[in-house]
Amino acid sequence: MKESSMEMKSSQELDWHISQFLEANREAMIEDAKGLIRINSVGLAYKPGSSQPFGEGCRSVLDEAIRLMQREKLDVTDFDGYGVKGELAASERGSIGFFAHLDVVPEGGDWSFPPYEPFVRDGYLFGRGAMDNKAAAVAALYVLKFFADSKLPLRHGLYLFLGCNEENGMRDIRHFLSRHEPPLFGIVPDAYFPLCFAEKGMLRADFEGEAADGNLLAFNGGTEYNVVPAAASAILRDVDPDHARQVLPGSFTVEALPEGVRITASGKAGHAAFPEGTDNAAVKLAAALAAHGLVRGSRTLRALAFVQECFASPYGHGLGIAFRDMSGEATINAAVHMENGRLRLLCDIRYGVTQEKSGIQQLLEEAAARYDMRLTRTEDSPPHYIAPDDPIAAALCDLANRELGTNQPPYAMGGITHARWLPRAAAFGPLRRDKPSPFPAGRGGGHQPDEAMYLEAIWDAFLIYVKAVLVIDKLLSEEKEQN
């Protein structure tokens with residue numbers, strides 16, 4: 001590939017070319033994002049060796065991505081249904097990579113519209129996956145299209161990887177790296193500007209305990225580790241529905257069934273890594289059933305007490321793992337369900353960059369034992385860190401602030417992205433912290449009902465990503481020359 005430099009065009013010329021490109025392609029970008037959103041790409045149970053390792057929906061959305069990449073005449077590689085790569089051009093010098101994902105979390109309830117029928121209103125693109133992460137994936141695809149159309153030369157290769165297991169294990173990026181060398185620098189458009197320099201570790205922990213010695217017949221509150229449950233329900237036998245209605249607050253509903261009484265609690269959904277403003281309905285229900293004497297059975301009550309007392313605080317106080325460092329406070333979330341007379345918890349823990357994972361596991365085992373519960377499984381994703389003064393990270397942070405007219409420092413977060421599996425990478429936009437959300441708490445965001453993406457943020461991010469490629473290309477060349 002030919003040598004490139006930001007000096008090849010003035011900043012004004014480059015801005016003009018980008019604005020002309022956006023003017024010609026905005027509607028196509030929206031339609032491509034809608035096409036991806038229409039596909040229900042919630043990952044299903046992992047099936048290694050299958051042509052659809054995460055289910056038919058994920059396979060379908062990857063097929064649609066392949067169609068879009070082939071339309072743009074990219075060199076396409078299908079990584080066995082785990083993800084796809086579209087490459088503009090390769091280089092012996094190495095490559096710059098964009099990494100996004102097309103899988104989504106389950107839609108849940110309480111939507112104001114069908115979640116897989118996208119539309120644009122008031123400058124927002126609505127639908128499950130609009131914010132997390134399909135609109136950004138399309139923006140990255142069009143960055144490659146911009147370089148193809150403009151013929152701006154680059155010293156390094158440029159590609160886009162789209163995975164389908166980011167939400168539930170990140171096997172997509174790990175499979176990619178088992179067959180492909182990492183990029184010299186990776187841009188992950190799955191967070192906020194100006195730049196994320198640290199991602200907390202993520203520990204998933206499964207607990208279970210006996211709950212068959214009383215009158216609790218069923219309990220269901222959430223299905224995903226990383227989604228705060230917005231609703232939870234329990235079925236109990238030998239409970240007077242009128243008594244339950246009398247003792248429970250108005251936020252609970254009581255329904256008489258042939259097998260017993262169903263009690264339902266409402267909460268506020270959200271991403272497990274950002275618990276502010278959320279309300280875990282499963283924890284709320286467990287607490288109410290015990291507090292009002294609606295549940296019997298000593299072991300069942302202890303299991304519900306574990307849910308209530310250990311997960312009442314989303315910051316780990318009940319489990320004894322509260323911690324704060326440069327990456328913020330540790331957070332926890334639990335989804336709860338009952339199966340074969342046993343209460344099972346799917347627990348999501350986001351722990352500090354400097355927090356010891358081994359110490360956390362010991363504290364979890366000790367907390368479980370106090371309630372006759374058992375820790376049955378853990379799965380760890382270590383923290384990610386890129387020094388804020390890394391030359392490329394610092395340049396990208398400055399670029400984002402300059403283009404957005406902000407003056408924000410790089411930040412750490414509890415959310416996890418593909419960046420953590422790459423040797424040198426950062427989560428970088430397209431979301432903005434300086435623009436308040438017009439939606440009420442618990443709505444409009446990723447992992448929430450009525451998910452929406454502000455389109456102006458996508459257009460701003462597109463410009464930043466084009467310039468970021470040029471900045472990275474130049475700095476990588478300078479680093480190579482210095483070495």
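## Helix α6

Asn 280 caps the N-terminal end of α6, with a side-chain oxygen 2.9 Å from the backbone nitrogen of Ala 282. The model is a predicted one. Helix α6 covers residues 281-291, and its buried residues are Ala 281, Ala 282, Val 283, Leu 285, Ala 286, Ala 288 and Leu 289. After the helix comes Gly 293, which has a positive phi near 65 degrees.

The cover over the buried residues of α6 includes the strands β11 (216-221), β13 (231-236), β14 (252-257), β15 (260-266) and β19 (331-339). Helix α7 (298-311) is also part of that cover.

## Helix α4

In helix α4, residues 171-179, the buried positions are Asp 172, Ile 173, His 175 and Phe 176. Viewed down the axis of α4, these residues fall within an arc of 160 degrees, so they line one face of the helix. An α-helix has 3.6 residues a turn, so residues three or four places apart point the same way.

Among the elements that cover the buried residues of α4 are β2 (83-89), β3 (95-101) and β6 (157-163).

## The sheet β4-β5-β26

An open sheet is formed by 3 strands in the order β4-β5-β26, with antiparallel pairing. Its edge strands are β4 (119-121) and β26, each of which pairs on one side only. Direction ignored, neighbouring strands of this sheet are turned by 25 degrees against each other on average.

Strands β4 and β5 (residues 124-126) run antiparallel and are joined by 3 bridges. Val 120 has Leu 125 in β5 as its bridge partner. Helix α3, residues 130-150, lies across β5 and β26 and runs at about 50 degrees to β26.

## Two glycines in loops

Gly 442 sits in the loop between β25 (430-431) and β26 (452-454). Gly 442 has a relative accessible area of 13%, and buried means under 20%, so Gly 442 counts as buried. Apart from neighbours within four places in sequence, Gly 442 is in contact with Ala 269, Gln 448 and Pro 449. Ser 91 lies 351 residues from Gly 442 along the chain, and the C-alpha atoms of the two are separated by 45 Å.

Gly 250 is found in the loop between α5 (241-247) and β14. The relative accessible area of Gly 250 is 79%; exposed means over 50%, so Gly 250 is exposed. Between Gly 250 and Trp 111 there are 21 Å in space, C-alpha to C-alpha, and the two are 139 residues apart in sequence.

Terms used. Residues are numbered from 1 along each chain as its sequence is written. This is a predicted model: local features need pLDDT of at least 70, side-chain atom pairs count only at pLDDT 80 or more; totals for chains, interfaces and linings use all residues. Side-chain values use heavy atoms; hydrogens and water are left out. Buried means under 20% relative accessible area, exposed over 50%, partly exposed in between (1.4 Å probe, protein chains only). Helices (H or I, at least four residues) and strands (E, at least two) are DSSP runs, numbered from the N terminus. The arc is that of the directions from the helix axis to the C-beta atoms. Contact means heavy atoms within 4.5 Å. A polar contact is a pair of N or O atoms within 3.5 Å; within protein, one must be able to donate a hydrogen and the other to accept it, and residues adjacent in sequence count only if both atoms are side-chain atoms. Two strands pair if DSSP finds at least two bridges between them. Axes are lines fitted to C-alpha atoms, for helices over the stretch in contact, and angles run from 0 to 180 degrees between N-to-C directions.
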